[in-house]
Structures are given as C-alpha cells and as structure tokens.
Amino acid sequence: MKIERVELRLLRLPLVRFFETSFGRSYDRTFVLVRAEAGGVVGYGECVADQTPFYSPETTETSWHILSRFLVPRVLGLEIAHPREIYPALSDVRGHNMAKAGLEMAAWDLYARLRGEPLWRVLGGNGQPIASGVSIGIQDSLDDLAERVEKELAAGYRRIKIKVKPGWDREAVEMIRRRFGPVPLMVDANAAYVPGDAPRLKALDGFDLMMIEQPLDEDDVRDHAALQAQLRTPICLDESIKSVHIAEEAIAMRACRIINVKPGRMGGFRESIALHDLCAAHGIPVWHGGMLESGIGRAHNIHLSTLPNFTLPGDVAASRRYYVPDLIEPPIEVRSDGTIAVPGEGPGIGVTIVPERVEQATERLLVCDTAAGAVVSSRATEPAP
Ligand code: OSB
Ligand code: MG
C-alpha cells in the first residue's frame, strides 16, 4: 500500500455539555482529522491533541505543525506492506505521539478498507460488543453530580468514573456511595495530587473504588509505586504510560495494577497493541480511555477495545454525551445492558462519515499530494458560525 494523498483538517465541534477535569473546563473540542488515500480508497484518523497543553504537552497546533511539516512527508509515497510499519518510519521524530497516532490510525483504517475487512480483525480483536463506562467531569455542586450519575446509570453504563481533585474528592465519592450504593465506581485525578497528599488518597480506600486513575504527576512512576504500597485501591496509570518501555518499568516497580490504553498517548495502534500484550503477559487488566473523540475516533476506540485483555469497561461511550449531531451517521449508541456494538457499516472503522458536517466544522484544510511532490492546496476558513 502506498499513501498518495493526505488531507489534514482542523475541526471544531461544540460539546453537548461542558467537560471539567482537574486541569480545566472545555466547552468545545478542536482537533485534527487526518484523511489518507491510496488507490482510490480512503482511511481516517482523529488526532486527540487538545487546544491546551494541560493533559499532555501536545496541542492542536503542535500536532498540525508536526503532521504537516514532518510526519506526512515521511509517509507520502512510502511503499508499506502493513500499517505497523508507519510508527517505525516516524521514529526520528521524537515524542508527538498524538500527532503520530492520528496519521498511523488513518493508515490502519485505510489498510483494512483496502482488504475489505473490519478494523477489529486486522487489529487482532474479536469484534464483539464492548462494555461501556462513562467519565463524569467535575460539577458545580454535589447535586449536579448526583443528577449526572443517576442519568448515566439509567442509560445502562457499566461503571461510573468521576473526575477528582483536592477539594472535590472524598465528599463526591461519599455522596455517590450514600445515594447509589455499591455501583462500579472509580476516580480520575489527572495528576492533581502530590506525594504529600497520600493521607487524602488513603481516605478513599474505604469506598471500594475499582481504581484511582493517575493521582500523581506523569513522570512520578516511582512515587506512584510508593503510593500503591500504601493503598488498598488499585492505581491505574494513564498520563504516565507514554511508551511500552515506561509501562514495563511501571509494572516492574508495582506502580499500578491496571493500565488505561489510549492510542493517542501511545503513538497509535501498533504501540497500543504492544502495550495491551505486555499487560496481558503480566496479568495487568487494561481498559480503553477516551479523549472526547468524535464518532470517527470513537469508532477506532471501539474496534481496539475488542482485544482480549480489555476486561474492564472503558471510557468509550455514546455519541450523544459529546456531539449532537456527531460527524457520523448513525451515531454510536449504548444499549440498555451497557454495551456498544462494533460499527459494521462497511470495512475499516465501519462508520458513515457525513461530509457536510465535516465541512461545516472545518476551520483549516491542507492537502498533501505525492503527484505534486508536496502541498498542492491549502485553505483557511473562518470558524463556522
Ligand atoms: O484523563 O481520561 C482522561 C478527557 C480528556 C482528557 C483526558 C481524559 C478525559 C476523559 C474523558 O476522562 C473520557 C471520554 O469520555 O472521552
Ligand atoms: Mg485519565
């Protein structure tokens, strides 16, 4: 397969409802959509870098820069037998895993479509429905939080995750246990605590949480190990796990008992599969994280979630929690048993993208074509009203 043309689009989509984490509140999502073409067939990838460098150092603009200036030129016209060759072909570019993943995942979708196969099959999954959980952001009040939890449990989701930070942790968990009983519950701190907060985190030990996600800084793998030794609740690492190598060290140090897989954070599917396999070999269960993806990135996540070691419900939920309308039709739906079916409208990611909605959300467009050797056209548009 030879990628002959790549289109980058900067899209902006308003969120149905704001999403707040320990690092801030968002009302919309701006991201780069990658469209790769070979032999008249097209594949898509969604780059999950955010407008702000608060979850990771990458942003929408750094991903645009790295993709257009360094990554796309490395794969355009490159003859490859399999998309697993993409990540190594980008290895002289250090870091920028989200930018790499956007392009690499478009190549996997393209490869599956060229073969006429669903993405899950080329990834090594089983294509069965996945168990879905929700990530509920920090709210203005505990009553607002209770309302959100009630709504998501009624929708059937298999576990509730709430975002926490110092000052919005124990009280929130206590309220949920008091009002909703022993529902599957976990918390995600997005690195909001420091090692000195250990007593505060130990105070959560009595609430039978499934796990505490990323309490400390992403570089504090050893501090996570020290914290895990004091906690009964399993620690799950998210931000820290930026490579298979770091995951090996974290597992060896017992810094976590669970790992969250996000292809954007890992640099794409190749490294995500390697992480999945490493965890399986060490008895570490994994679940699929979310980055507020549109239906396109969401579809990728669902396919990967059908690999066998994804034994815990992920943050891959229905479209309607994020974007109405979504970029795809029909939207991703959760069923009353809390599962999501793998989209199967055709090969690859198996969703139908609505071109007018993509066009409407486009703020910038860049087309790179092998025929012309480089960029053949570029257009900047005003944000859609
Ligand atoms: O830490 O998992 C996270 C969203 C943006 C950035 C980081 C995270 C999240 C979520 C939302 O928790 C998951 C989702 O619903 O897509
Ligand atoms: Mg997280």
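The donors of the magnesium ion (ligand 2) follow the spacing D-x24-E-x24-D along the chain. Donors are N, O and S atoms within 2.8 Å of the metal (3.2 Å for Na, K and Ca); water is not among the atoms, so sites may look incomplete. Glu213 lies in strand E8 (residues 212-213) and Asp238 in the loop between strand E9 (235-237) and helix H9 (244-252), so this pair ties together parts 25 residues apart in sequence. Asp188 (OD), Glu213 (OE) and Asp238 (OD) coordinate the ion at 2.1 to 2.3 Å. Both Glu213 and Asp238 are buried.

This is a predicted model: local features need pLDDT of at least 70, side-chain atom pairs count only at pLDDT 80 or more, and totals for chains, interfaces and linings use all residues. Residues are numbered from 1 along each chain as its sequence is written, chains are lettered from A and ligands numbered from 1 in the order written, and side-chain values use heavy atoms, without hydrogens and water.

Buried means under 20% relative accessible area, exposed over 50%, partly exposed in between (1.4 Å probe, protein chains only). Helices (H or I, at least four residues) and strands (E, at least two) are DSSP runs, numbered from the N terminus.

| State in H5 | Residues |
|---|---|
| Buried | Leu145, Ala146, Arg148, Val149, Glu152 |
| Exposed | Asp143, Glu147, Lys151, Ala154 |

Just after H5, Gly156 takes a positive phi of about 105°.

Strand E15 (residues 362-369) has seven of its eight residues buried. Strand E1 (residues 5-21) pairs with E15 in the antiparallel sense over seven bridges; strands pair if DSSP finds at least two bridges between them. Val6 stands opposite Cys368 in E15.
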